[in-house]
Amino acid sequence: MDDTTTLMASCLCGDCKFQVDVPTSSLPLDAHLCHCNLDRHTHGTLCVYHAFVPMVPSLEGMTPYKVIPTSEVVRYFCTTCGTHMGDTTEKRERWCLSTGVVDKSETIFQFKNHVFVSDTKDGGLSGWLPEIEGERLKYWEGHSGESTELDPPIKNEISDTFTKSDRLHVYCQCRGVDFYISRPDYNSPAFIADFPDMPTLNSAPRNTQEEMKYDNWWIATDRAKYVAENCACPSCRLAAGCDIVQGAFVPTCFITQANGSPYANIFGTMKEYNSSGPIWRRFCGICGATVFRHDIGERPKYVSVAVGLMDADSGSRAEEWLEWRTGELNHLDMALNNPLATAVQDGARAWSKRTGQSSRCSEGWGEPNITAVIREGAS
């Protein structure tokens, strides 16, 4: 009988835990990164990280969700904190595991394929991950081995064929959380009211000594964009069930609900979970999509918005809206799979150099400590 390797899986809050036993001889398990629109809007990340395992765990404490009502595939996320644990078919033949929820990864999974890359329009995260430790990944239009194999997406500039609108539509997969982000206007009465001590920003040069006194590292060099970055901290990883998570820093005064109402901490089908101290993580209670990370203590007037929910004309990286910080992947030292995270950091730096994007180092918005407090909001 083969020796087995045991993986322990857990959500962010710890309510959903299970054990996965795999034959040691089968390691490393084939894993893939899915970039499809459905997965992005269900998790809130640029892509999801999956591997198939032969056993289906206990589904206690999990909320089921069918992205496509007629499909046999059912996704499961923690009812309390929103962590996507994986999915299976109605027959429960095998489990598609979210690789970000287990306790070890580097020797367990081998990421070989980017799938449904065409959905991204711009390549998404796949453009930052052509290889891991010298091993090239394959790119597929749809499922690996069942669709057209693609060339790696190398994009040097944003296409001018799309309309550069003044509003960005952001929504989860079930549309229970639906809102718009407007272009930043740092001279607007709303922004000045929320940040009365902030110096004038619309025309001021970036990184002046005066600006940095006000802790405004989250203001983009391009005043028409918002800062976005990758994070590998345990809390962000577990919140989404994904190894690397993307967030964009947006003042709440520039967020409007789809029904025209102003921003509120809880709206639509959102629920929230207190992951540590003043940090609240908000997710859709229907489909489980990560929506916001909010530090209500030090940074009450802006939130980190899940980039995977953005529906930008240019593609999933939303380059006409976001200025990506690629100098250093946030909390790289805490990554569950360091070779994977390092490869994304290196690929993003190379992309930044090719495109002339910002390469400033990340300032940090994740948090490693985890507590358990839950509140549920009204629609």
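Start with the open sheet of nine strands: its order is S5-S6-S7-S8-S4-S3-S9-S12-S13, and the pairing is mixed. Color the two ends of that order, strand S5 (62–65) and strand S13 (149–150). Each of these edge strands has a single partner strand, so one side of each is left without a neighbour in the sheet. Keep in mind throughout that this is a predicted model.

**Strands S3 and S9**

Select residues 29–34 and 109–115, which are strands S3 and S9. The two run parallel and are joined by six bridges. Within this pairing, show Asp 30, which stands opposite Gln 110 in S9.

**Strand S8 and its partners**

Next, select S8, residues 95–98. Strand S4 (residues 48–53) pairs with S8 in the antiparallel sense, over four bridges. Here the bridge partner of Val 53 is Trp 95. Strand S7 (residues 84–89) also pairs with S8 in the antiparallel sense, over two bridges, and Gly 86 has Leu 97 as its bridge partner.

Are its faces covered or open? Both are covered: Trp 95 and Leu 97 lie on one side, Cys 96 and Ser 98 on the other, and all are buried.

**Aromatic pairs**

Over the whole structure, a search finds 18 aromatic pairs. Display Phe 18 with Trp 95: this pair is edge-to-face, with 6.1 Å centre to centre and 85° between the planes. Phe 18 belongs to strand S2 (residues 17–23) and Trp 95 to S8, so the pair ties together parts that are 77 residues apart in sequence. Phe 18 has 6% relative accessibility and counts as buried; Trp 95, at 0%, counts as buried too.

For a stacked pair, go to Phe 191 and Phe 195, at 4.6 Å centre to centre and 25° between the planes. Both Phe 191 and Phe 195 are buried.

**Arginines over rings**

Two further selections put an arginine with a ring. Arg 94 lies over the face of Phe 52, 3.6 Å from the ring centre. Arg 183 lies over the face of Trp 321, 3.7 Å from the ring centre.

**The nonpolar core**

In soluble globular proteins, nonpolar side chains tend to be buried together. In this model, the largest nonpolar core has 108 residues. Select those with the most contacts inside it: Phe 109, Phe 179, Ile 181, Phe 292, Val 305, Met 310 and Leu 322. The largest share of this core, six residues, comes from helix H5 (residues 338–355).

Center on Phe 109. Which residues are in contact with Phe 109, leaving aside its neighbours within four places in sequence? They are Leu 7, Pro 28, Leu 29, Ala 31, Ala 51, Leu 97, Thr 99, Val 102 and Lys 104.

**Last stop: Arg 136**

Finish at Arg 136, in strand S11 (residues 135–136). Its relative accessibility is 53%, and Arg 136 therefore counts as exposed, the cut-off being over 50%. Not counting residues up to four places away in sequence, Arg 136 touches Pro 130, Glu 131 and Pro 152. Show the side chains of Arg 136 and Glu 131 to see the polar contact of 3.1 Å that joins them. Then check Asn 113: Arg 136 and Asn 113 are 23 residues apart in sequence, and their C-alpha atoms are 8.9 Å apart in space.

How values were computed. Residues are numbered from 1 along each chain as its sequence is written. This is a predicted model: local features need pLDDT of at least 70, side-chain atom pairs count only at pLDDT 80 or more; totals for chains, interfaces and linings use all residues. Side-chain values use heavy atoms; hydrogens and water are left out. Two strands pair if DSSP finds at least two bridges between them. A nonpolar core is a set of buried Ala, Val, Leu, Ile, Met, Phe, Trp, Tyr and Cys residues joined through side-chain atoms within 4.5 Å. Buried means under 20% relative accessible area, exposed over 50%, partly exposed in between (1.4 Å probe, protein chains only). Contact means heavy atoms within 4.5 Å. Rings of Phe, Tyr and Trp (its six-membered ring) pair if their centres lie within 6.5 Å; planes under 30 degrees apart count as stacked, over 60 as edge-to-face and the rest as tilted. A charge sits over a ring if NZ of Lys or CZ of Arg is within 6 Å of the ring centre and within 35 degrees of the ring normal. A polar contact is a pair of N or O atoms within 3.5 Å; within protein, one must be able to donate a hydrogen and the other to accept it, and residues adjacent in sequence count only if both atoms are side-chain atoms.
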